[in-house]
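Biologist: I have the sequence and the model open side by side. Could you walk me through what stands out, starting with how the chains meet?

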Amino acid sequence: MKTFLTFLALTFSSLAIAGFEGIITTEVLNNGTRISTTWFIGKDRLKLHMQYKVNEDTISVDFILSKGSDVMTIVTDSKGYKGYSFLEKSTISSELNFENLAFKNHENKDSNETKYQGSNNKYHCAIWILDLDIDLFDYAPFFKADPAFHLIANHRLKGFPKNSLLTNHNGELIYSSTVTNILHQKLPETDFEIPNGFKKRELVELEYQK
Amino acid sequence: MLRSTLLLVLILISIINWSQNVGINTNTPDSSAILHLESNEMGFLPPRMTSLERDAISVPADGLVIFNTTDSTIQYFNGECWMHSYQKSCDECFFDILLDTANGTIDRILTDSLSFSITVNQTSLTPQTTSLFLLHSLPPLTSANLSQDTVFGSGSSTATIVTSIFDDPGVYPIAIQGICNSNIQVEVFYLTIDSCYEVSISAAVSNYDLQAINSLPGIGTPICVVVDIDPGIVISSTDPTIPAFYSGSLDNLSHVGIRNLGLIEAEGGDGATGGAVATFGNVGEDGGDALVLTTKTTIINPGQVFGGGGGGASVGLGTTFSVPVIGTFTLGIGAGGGGGSADGAGGTSGAIPLPIWADGTDASNGLIATPGDGGVLNVPISIPLGPVSITVTPNVIGGDGGDYGIDGTSGLIAVTASASIPIIGTISLPVPPITVPLPSGGTAGYCINKNGNVLIGLPDGNFQNLNEKGEIGN
């Protein structure tokens with residue numbers, strides 16, 4: 001484990017110079033459900049890919065963002081809904097009350113990550129930000145259920161959250177996110193485009209039973 | 001010559017005597033009479049003439065006597081007018097009253113009234129006004145009126161008697177009195193009011209069929225029947241399709257009188273049940289009729305006659321949502337209609353229940369019944385779908401039952417939804433509104449369904465007052 005982290009640190013320090021472009025894989029535990037996520041980080045684009053099961057249907061979802069845009073494109077591939085739709089930034093909210101999480105940073109001088117800790121009347125939170133040349137600030141309003149993005153937005157941080165932990169005051173884990181792999185590579189534009197065969201759809205489509 | 005002279009002397013003596021005090025066929029004329037006639041075989045014959053000839057006498061002397069051949073009476077001139085011997089003054093009125101019939105009967109089946117003609121024949125020298133009056137002790141709901149209560153000279157008036165089915169039967173004399181100047185004439189008319197069947201309802205009863213319950217004569221035998229409903233008595237129905245009070249199979253020429261001091265309340269329509277997602281619910285049941293007529297009816301209603309309220313419509317929604325991030329999920333949701341007053345049952349989920357359902361409530365009964373409310377679903381429903389959680393907040397309300405005489409209402413279906421997505425947060429899902437018309441509530445029943453028959457005592461219309469609730473008509 002120590003070897004892996006040392007490898008990450010060396011890799012990140014070398015990448016920080018040119019600006020990061022590549023793929024970061026994380027594992028998220030959200031209210032007891034485990035999800036593998038992949039972040040495609042381009043120059044001015046971002047794509048979050050998730051894959052999970054709903055009942056017997058495997059669902060693959062891409063959330064695609066461009067810097068400066070107020071709209072997120074959601075590309076869904078499932079039996080019941082195959083297509084893409086748009087989501088306004090303003091329509092996203094969070095049931096998690098991060099607003100008054102007061103973070104303090106405890107920088108670890110021996111590594112290229114910084115730990116932030118915060119708490120409010122509901123949660124305790126700890127986030128480790130890797131010192132990468134990634135600016136997620138513009139994207140943060142689209143990720144309101146991840147405390148790391150709240151931290152990034154509030155402290156105008158650069159970097160990527162290597163680990164995030166959110167517990168309630170009883171010590172129960174609400175949310176965690178852990179980076180499992182970082183791949184530095186130039187990403188083709190097609191990674192951020194809507195794949196062929198996907199049609200525009202409404203956010204909600206109803207079919208009334210007869 | 002001597003003989004002639006003697007005769008002349010006798011005549012002169014006679015003339016002198018006659019001019020003093022003359023008797024014919026009597027030698028001793030009454031000393032108070034200037035002319036005294038005596039006969040057992042002949043009469044006194046005054047001048048005989050017609051009224052026209054009489055009136056041609058220029059400046060008749062006071063006391064001038066004639067025999068008027070026009071009206072065969074001795075008349076004398078009193079210095080002002082020609083008087084009959086029995087006349088008191090020049091303007092004394094002479095008249096007769098004649099009725100075209102002296103008696104009549106009101107059967108209160110085919111008719112509640114009768115009329116007869118009063119003729120005034122006046123023989124006065126100059127026409128005068130005769131005032132007519134009807135003197136009687138008729139029962140309280142019976143009236144007697146004249147088409148005109150004065151006749152000038154000779155003429156006629158019509159008396160009209162209108163009775164009520166609720167008045168006591170019997171024979172009632174009506175005196176027709178004419179007064180002209182100081183003379184009075186009276187004739188009597190005898191009114192007979194026939195009796196009716198009498199029915200009293202003094203205990204609570206349901207689905208009341210007047211003819212059947214009382215074994216009254218049916219079709220082919222018109223009758224009149226008076227029904228008294230005692231104070232506090234409730235006449236109800238057990239099903240909206242059955243009236244609370246029904247005249248039944250009486251002959252349609254019959255006449256029913258209802259004196260209601262109780263409560264005639266129809267059954268309200270049931271709230272609609274669930275199951276019909278294709279039409280977004282079911283129509284509420286119609287309320288029942290309180291009173292249904294099959295023949296002419298007169299009503300006095302200090303009590304209450306309340307038509308049944310319509311049942312509320314149910315609402316139902318069975319739909320498949322297609323949503324990004326999730327795929328599809330189905331939602332079956334609905335609510336029953338409330339029952340109409342009185343006693344309409346709240347709608348239940350029905351034979352094919354929807355997974356999420358709220359029953360309508362039942363209506364109560366009685367004078368101050370409360371209609372049932374439609375079922376209400378407004379608590380958010382959380383549906384976990386893998387790592388994503390959908391929250392559906394329904395605003396689903398079944399139609400309310402109608403109060404007495406009021407239609408049930410339609411329901412309401414609206415749904416808002418949101419999805420909680422890991423990392424992203426909560427996004428609101430813009431659920432399209434349902435724009436098709438939802439099923440309607442049941443129609444209120446009649447307060448009084450005339451059913452094509454005549455109703456006396458209450459006007460047509462739609463009422464919401466202390467005594468009548470619902471429509472009177474049809």
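Modeller: This is a predicted model, and in it 30 residues of chain B are in contact with 39 residues of chain A.

Biologist: Which strand gives the most to the side of chain B that touches chain A?

Modeller: That is β27(B), which gives six residues, while β27 (315-323), β28, β33 (412-421) and β34 (425-429) of chain B each supply at least two residues of that side.

Biologist: And how does that side of chain B split by class?

Modeller: The side of chain B that touches chain A has 19 nonpolar and eleven polar residues, and no charged residues.

Biologist: Where does β34(B) pair with a strand of chain A?

Modeller: Strand β7 (residues 92-93) of chain A is joined to β34(B) by two bridges, with the two strands running antiparallel, and within this pairing A:I92 stands opposite B:I427.

Biologist: Back to β27(B) for a moment, what is the strand order in its sheet?

Modeller: The order is β13(A)-β27(B)-β28(B)-β29(B), an open sheet of four strands with mixed pairing. The edges are taken by β13 (205-208) of chain A and β29 (356-358) of chain B, and because each has a single partner strand, one side of each is left without a neighbour in the sheet. From one strand to the next, the twist averages 25 degrees.

Biologist: Parallel or antiparallel, for β28(B) and β29(B)?

Modeller: Strand β28 (residues 327-335) of chain B pairs with β29(B) in the parallel sense, over three bridges, and B:A335 has B:A358 in β29(B) as its bridge partner.

Biologist: Switching to packing, how many residues are in the largest nonpolar core?

Modeller: The largest nonpolar core has 84 residues, and those with the most contacts inside it are A:F63, B:V323, B:V325, B:I326, B:A419, B:I421 and B:I424. Its largest share, six residues, comes from strand β10 (residues 123-130) of chain A.

Biologist: What is B:I421 in contact with, leaving aside neighbours within four places in sequence?

Modeller: With those neighbours left aside, B:I421 is in contact with A:A145 from chain A, and with B:V325, B:V388 and B:I427 from chain B. Apart from this core lies another one, of 42 residues, which includes B:Y246, B:I258, B:Y446 and B:I472.

Biologist: Over to chain A, how many residues of β5(A) are buried?

Modeller: Five of the seven residues in strand β5 (residues 71-77) of chain A are buried, so the strand is mostly covered.

Biologist: Which strands does β5(A) pair with?

Modeller: Strand β4 (residues 57-66) of chain A pairs with β5(A) in the antiparallel sense over five bridges, where A:I64 has A:T73 as its bridge partner. Strand β6 (residues 82-88) of chain A also pairs with β5(A) in the antiparallel sense, over seven bridges, and there the bridge partner of A:D77 is A:K82.

Biologist: How many residues sit between the strands in those hairpins?

Modeller: The hairpin of β4(A) and β5(A) has four residues between its strands, and in that hairpin A:G68 takes a positive phi near 85 degrees. The hairpin formed by β5(A) and β6(A) has four residues between its strands as well.

Biologist: Last one, is B:S182 buried or exposed?

Modeller: B:S182 lies in the loop between β14 (170-180) and β15 (183-193) of chain B, and it counts as exposed because 10 other C-beta atoms lie within 10 Å, where the cut-off for exposed is 12 or fewer. From B:S182 to B:T443 the separation is 261 residues in sequence and 68 Å in space, C-alpha to C-alpha.

Conventions
Residues numbered from 1 in each chain as written. Chains lettered and ligands numbered in written order. Predicted model: local features only at pLDDT ≥ 70, side-chain atom pairs only at ≥ 80, totals over all residues. Pairing = 2+ DSSP bridges. Axes fitted to C-alpha atoms, helices over the stretch in contact; angles between N-to-C directions. Core = buried A, V, L, I, M, F, W, Y, C linked by C-beta atoms within 7 Å. Buried ≥ 20, exposed ≤ 12 C-beta atoms within 10 Å, placed from the backbone. Contact = placed C-beta atoms within 7 Å. Nonpolar A, V, L, I, M, F, W, Y, C, P; charged D, E, K, R; others polar.
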